[in-house]
Structures are given as C-alpha cells and as structure tokens.
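Dear colleague,

I am handing over the structure below, and after it you will find my notes on what was found. Please read them with the model open beside you.

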Amino acid sequence: MEKQPGSGSARSAASFAESWARIRGRLRDEVGEVEYRTWLRQMTLASVEGDEAIVHLPTRFLRDWVRSHYGDRLSLLWQQENAGVRRVDVRVGPQPRGGADGVDVEVAPERSGLAEALSGRAPRNAAGESRGEWSAPLDPRFTFDTFVVGKPNEFAHACARRVAEHPASPGFNPLFLYGGVGLGKTHLMHAVAWAIRNGEPARNVAYMSAEKFMYRFIAALRSQSTMEFKESLRSVDVLMVDDLQFLIGKDNTQEEFFHTFNALIDAGKQIIVSADKSPSDLNGLEDRLRTRLGCGMVADIHATTYELRLSILQAKATAAGVAVPKAVLEFLAHKITSNVRELEGALNRLIAHANLFGRAVTLDSAQEVLHDILRAHDRRVTIEEIQRKVAEHYNIRLTDMSSARRARNVARPRQVAMYLAKQLTSRSLPEIGRRFGNRDHTTVMHAVSRISELMQADAAFAEDVELLRRMLET
C-alpha cells in the first residue's frame, strides 16, 4: 500500500478500514461476545504493507494467544475480503490515541489516509475541520436492506425509516428505541446513519455509545477544554447515542447530555437514543432528562417470534451463499430464543465449521457443534417453572394445569403453558403432555397450533404471551 497521501491512497485506506470492520464483525459473530471481548477486542489494524496486514495488540500474552488460536482464521478472513492480502502479522504495538475507551479507534503509526479512516475521522477539508470526528465507525453490514422485519420490530423499523428520510420531523424528534439485548437497536441506528450519510452527504452524523460520550466528556474536563467539547458536539446535524442506560448514576455526564440534548433540539437537529428500557423505566436518570427523552417518538422492539427468527436465519444463510437445510434453520429458530445476536452467532459458527472441515451442514452436526449453546438454553427454564409463572399471570391455581377442568379461563392458560413448554424446552410432545395431567401428545399439538393462531390474530394476546416468554427467559 502506498504511503504518500492522495485521493487513491485515501480510497485504499477507506477500503482497508471497511474490510477490517467486517472482519472484526465476523469474528465477533463466530466466537461470541464473551470470547471476543476477552481476546480480540483490543486488536487494532496498524497498516497494510504489500500483501501483509499488520495487527497490533497491547501485550505479548495477547499477541501469542491470538497468533496461536486465531492467526489462521485472520489470514483466511483477510484473503476473503481482499485477495491482495495474503498474510497477517500480529505484533505488540502502540494502542489507539484519542479514544478514551480504546475501542474501535485504530490508529496507524503514521497519519496516512489509512490512519484517518481507521480512527473514525473523515479526511479534513481545507479549513482543517473533520466532519466525522465525533462518530464511531459504522458497521457496513448494518443497513436497512439487511434488517429483517417482523411483527416484533416493524414499528421501530418504520420509525427509523421515517427519521432517515426526514430527519427532525415533528413527532419523531427525539427517536427513542428500546428493547432487550441483541434485538436490533444498534442495527437500526447504524442503518439510519448510513441512509442519511448516503442520501445527504452534507449532513454531519455522529454515532457513539453513551460510554464513549462519558469518556470524552471526562477527557475534556481533565484537559480544560469543555467549551471545545460543547461546540464540537453541538455542531452535528444528527446525534445518535447507543445504550443510554450506561449514564445511570453518572450525574455530571447526565447534566452535560441534558444540555447538549436541549441545544440540538432547539436548533432543529435530530437526536436518536437507544436503551434497554423505556424512558419512564430508566430509574437513575434525572426526571427532567427522562421527560425530554419521552417527548418524541418512543418505539419498543419486542422479543423475537419463531417466524422472525426463522426469517433472519434464512436471510443470513442466503447472504452467506451457503445451503443450510430447512430442518436445521427451524431447529435453531426453536432452540435459540434469547436474542438475534446469539442466533446469528450460532449460524455463523455452524457455517464456519462446515467450511473449515469440508462437511455439509446437517441436524446432527448442528447439535454437535452448538452443544454448549443448546445445553444452556435447555436448562434455562423447566416445565414446572412455566406452569407456575403462567398460573400466577392468569390468576389460576397451579393444580389447574394438570386438572380435567375445561372452563375457558383455565383451558386457555393451560394451552399457553403448553405452547411455552414447546418453545422454551427440549421436551418431546408426549413428555409435555404427561406433565399436564397425562394428556395425549395430540392435545399438546392442538394447544401449540391454537395459541399460534391466536397470536397472529390478536396483537394484545401475542404481547401477553411474549411478556411471559421474556419473564421466563430472564
């Protein structure tokens, strides 16, 4: 790669930066969030020289571990992204400067076009200004085209689309997205940012985590540059802050965010925020901030349904160009119900295993490769817990779950419990029937079918059942 500056060099740098972002994303999906944060999170791309990519880690221990456990995989992923890169050299090297949290702000040894692209900063204009200085890198995989829409997320998706097409529209500013972990909040925020940047390149879009907002505010306090911090942040056209719950208990940072929020709203700028709970449920945030967050559009992303999980798996398999049997996709959609991130990670792991060993993806191989994930989900909930929780929810006696009573106020909750037992456990239909007063497996089949039909026809009932599912899973 050429070191001298120039438009061609900048384009190559941007290309390498995008490739590196995709490689990190694929590694995160393959190994899982815990392992990624433990071993791979601190990797930074220092440079690409000829056919070799140079990756830095802060310690010899991490370097040796990544070399021995992930070196071959890094090389293969780079070759798939860029045929010109044949080797990856993992070294101990300097860590990023300028990002207080040290994550995703990769800085090369020299300030070339690659360094600008990897730092999350756009190339500077003639006035020396940098439009992208406040924004963390966006994942190129997270666009509206790759977001799979279903009943649990269709409202949030529609709101995000509206904001992307018409920023700062009345009634949609701020846009507050909330939901559990791994349900698509970050995907939608990145999709909005990509859509605005591509449609209106002149708009200054800044995306960051609440944690990064806090670290930069603290850095400004320490360097006595708070005025520069305020002016820089308030010059953006669209501010996006992810995982706002991180600010709970951090009063000074909340104060600064509140003033930034007001300044941008008053100036007609768009704000998009995400959190794990609705504004009214974010205990620990100042009342005035919670009130302001709830004054625009609040959109909930519900837990995924079986149909949505299956659609996501089908879309991911198609995008990967791998033929995965329908039975395997249905198996994964039934077994892994916690969040989309874990679901995608399981599929990526299965595909990677098949590619590395030259084997076809089968139901048997899925159970073998994913045994740890499946075992964790199997022990997450028991039929007895389901019966107890459903009985409490519908205010009936626990003994009614196995009684012969057919009154509707008893039969319907019993059917809901059977449906959840089928969705959340690995028990067979005959075994589920035995736990409900020695009922036949066809009775369980009818209950599952009937509850599925009711959920399709009645949104309130579907939300009730999904609420029970979430309570049981957590």
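In this predicted model, strand β5 (residues 205-209) pairs with β6 in the parallel sense over five bridges, where strands are DSSP runs of E of at least two residues, helices are runs of H or I of at least four residues, both numbered from the N terminus, and two strands pair if DSSP finds at least two bridges between them. Within that pairing, tyrosine 207 has methionine 240 of β6 as its bridge partner. β6 also pairs with strand β7 (residues 270-275), again in the parallel sense, over four bridges, and there methionine 240 stands opposite isoleucine 272.

Strand β6 (residues 238-242) is largely enclosed by the rest of the structure, because five of its five residues are buried (under 20% relative accessible area, with a 1.4 Å probe and protein chains only). Val238, Met240 and Asp242 are buried on one side, and Leu239 and Val241 on the other, so that both faces are covered; in a regular strand the side chains alternate between the two faces of the sheet.

Elsewhere, three strands form an open sheet in the order β1-β2-β3, with mixed pairing, and its edge strands, β1 (44-49) and β3 (87-92), each pair on one side only. Strand β2 (residues 52-57) pairs with β3 in the parallel sense over six bridges, with valine 55 opposite valine 90.

Residues are numbered from 1 along each chain as its sequence is written. For this predicted model, local features need pLDDT of at least 70 and side-chain atom pairs count only at pLDDT 80 or more, while totals for chains, interfaces and linings use all residues, and side-chain values use heavy atoms, leaving out hydrogens and water.

Best regards

Definitions and conventions. Buried < 20%, exposed > 50% of the residue type's maximum accessible area, 1.4 Å probe, protein only.
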